[in-house]
Amino acid sequence: MAIDVEALYRKYGPMVLRRCRQLLQNEDKALDAMQDTFVQVLRHAERLTAEAPSSLLYRIATNTCLNILRGEKRKPVSGKEELLMEIASVDEHEERSVTRAFLDELFSREKASTRTIAVLHYVDRLTLEETAAEVGLSVSGVRKRLRALRKRGLALEGVKTS
Amino acid sequence: MKDNEVPDLYIEKLLLDELSQEMKERLLEDPSVRRRLQELKAENRRILEEYPPGQMAKAIRNRDSWGRQSQAGQAESLLPRSARARRPGWSRLVPAASFALLVLVGGLLMVTRGPAFFAPQPDTRLKGAAAHLNVYMKTDAGAKLLEEGDRVSEGATLQVGYISGAREYGVIVSIDGRGAVTLHFPLSAATGQSLEGEGEVLLPFAYILDDAPDFERFFFVVSKRPFSVERVLEAAEALSEQAETDKSQDLVLPRRLEQSSILLLKVR
């Protein structure tokens, strides 16, 4: 599928940049992450479907930002940021790079990224049902993922997000 | 939606018209949603003005192209960025670049590795000076400090130096009359961009001008905080394709980044 990058950016660029700004709190990094998000779309254009591009781009942007946050050592200044950093630090695919795993997941070879699910539910405050709808899983599937994440030491429920 | 607050993603989808009619109608009953929708529309306009679609699309395509080259094992180098993008075979030149001399076929410069051809003059070590570039041309008597609009010719040896002006981070790029963009500092987009402190700092390379026509323009972009080298290169790349304005326009960069430039005119 050939992609008209300019048209895609014109329609979705502001949403993606806003998402990156929200998670990274840094204009330059957000702009980089936004461009990287579109690059990933370009590179996997043949596997994209026209359904719900906003959800797809939102998830790619979220994961891109999580990877950036993962490499940072900055001290969180708010509960929400602390939560994000904690989620970003989760190593959910020890045997492969997080990016590789995410791309596999994204393009339907595997199940949705648990980190992305965690951000949607705990940071973005989507309900379990809404999160499930966004990532194409059942509610029980989302619940299981979050439970597994908590078992790996992430005390998500204990983190204040206000 | 927890806390009775409609998540941002839903407002985004509402704006993009990617929600079911039922959901759309339900959300629009909420005055706070309508207000947030208007705010997003206004912000979208600001974003598209600040980061125009044409430039962003180009930057994204370039990033994709460079990433693919990088994945194919092509290392970062001093080669002009345009050369990297336009000539897939450039990497064959890289082994030769490990010698003292690197010739950039079709690029803008020959780069001689080694120490600068002169030491900075004491009076250029100005405390508190604004961040700026100094470009020197080698002469029989030593070196001449060039000024905006000075004329230089093919074969001239140039030395670039900078005064950080208490700015901690910087990038130096140049554009030539062929539209080639070269990153001079840092040595690649992947390395650090910390500037050295007081006084004039000379880059560790001298440059011999090739036969690119019309002009050579050096940009110095600085900030007190780290910023993206890629952004500066992309802005230079975008400017290099505007033949009418590349001699006078600034790079399109976030306002918090300060920039200065020096234009040298080429004579045959």
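The model is predicted: local features require pLDDT of at least 70 and side-chain atom pairs count only at pLDDT 80 or more, whereas totals for chains, interfaces and linings use all residues. Residues are numbered from 1 along each chain as its sequence is written, with chains lettered from A and ligands numbered from 1 in the order in which they are written.

Select chain B first. Its secondary structure comprises six helices and eleven strands, where helices (H or I, at least four residues) and strands (E, at least two) are DSSP runs numbered from the N terminus. Of its 268 residues, 34% are buried, that is, 20 or more other C-beta atoms, placed from the backbone, lie within 10 Å of their own.

Next, select the open, mixed sheet of five strands in chain B, ordered 5-11-10-7-8; strands pair if DSSP finds at least two bridges between them. Strand 5 (151-153) and strand 8 (181-185) of chain B form the edges, each pairing on one side only.

Within the sheet, highlight strand 7 (residues 169-176) and strand 10 (residues 215-223) of chain B, which pair in the antiparallel sense over eight bridges. Here Ile172(B) has Phe220(B) as its bridge partner in strand 10 of chain B.

Finally, display the contact between the chains, to which chain A gives 26 residues and chain B gives 30 residues; residues are in contact if their C-beta atoms, placed from the backbone, lie within 7 Å. On the side of chain A that touches chain B, helix 1 (5-24), helix 2 (27-43) and helix 3 (53-70) of chain A each supply at least two residues.

Notes: Contact = placed C-beta atoms within 7 Å. Buried ≥ 20, exposed ≤ 12 C-beta atoms within 10 Å, placed from the backbone.
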